[in-house]
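Try each task before reading its solution.

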Amino acid sequence: METYTAMRHFADSWGLLAMTLFFMGFALFVFRPGTRESAHQASAIPLNED
């Protein structure tokens, strides 16, 4: 039971911080300037004729 308590305390503090930082990094990566053109090109790939 002591291992469970230690892991729960870790997840409540540092785990939450890690997940928050990961989410913020992912959001900044997706919404960075210059992404619109590359996303548009990637979305048109299935419609391109060979």
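**Exercise 1.** Find which residues form a nonpolar patch on the surface.

*Solution.* Patches are made of residues with over 30% relative accessible area and no salt bridge; nonpolar side chains (Val, Leu, Ile, Met, Phe, Trp, Tyr) are joined within 5 Å, like charges within 9 Å. Here the patch consists of Phe10, Trp14, Leu17, Leu21, Phe23 and Met24, with about 690 Å² of accessible area together (Shrake-Rupley method, 1.4 Å probe, only the protein chains shown counting as cover for residues). Now take one member: leucine 21 lies in helix α1, residues 2–30 (helices are DSSP runs of H or I, at least four residues, numbered from the N terminus). Leucine 21 counts as exposed because its relative accessibility is 51% (exposed is over 50%, buried under 20%, partly exposed in between, with a 1.4 Å probe and protein chains only).

The model is predicted: local features need pLDDT of at least 70, side-chain atom pairs count only at pLDDT 80 or more, and totals for chains, interfaces and linings use all residues. Residues are numbered from 1 along each chain as its sequence is written, and side-chain values use heavy atoms, leaving out hydrogens and water.

**Exercise 2.** Work out which side chains meet in a salt bridge.

*Solution.* Look for a side-chain nitrogen of Lys or Arg within 4 Å of a carboxyl oxygen of Asp or Glu. The structure holds one such salt bridge: arginine 8 pairs with aspartate 12 at 3.8 Å, N to O. Both lie in helix α1, four residues apart, about one turn of the helix. Aspartate 12 is partly exposed, at 49% relative accessible area.

Notes:
Helices (H or I, at least four residues) and strands (E, at least two) are DSSP runs, numbered from the N terminus.
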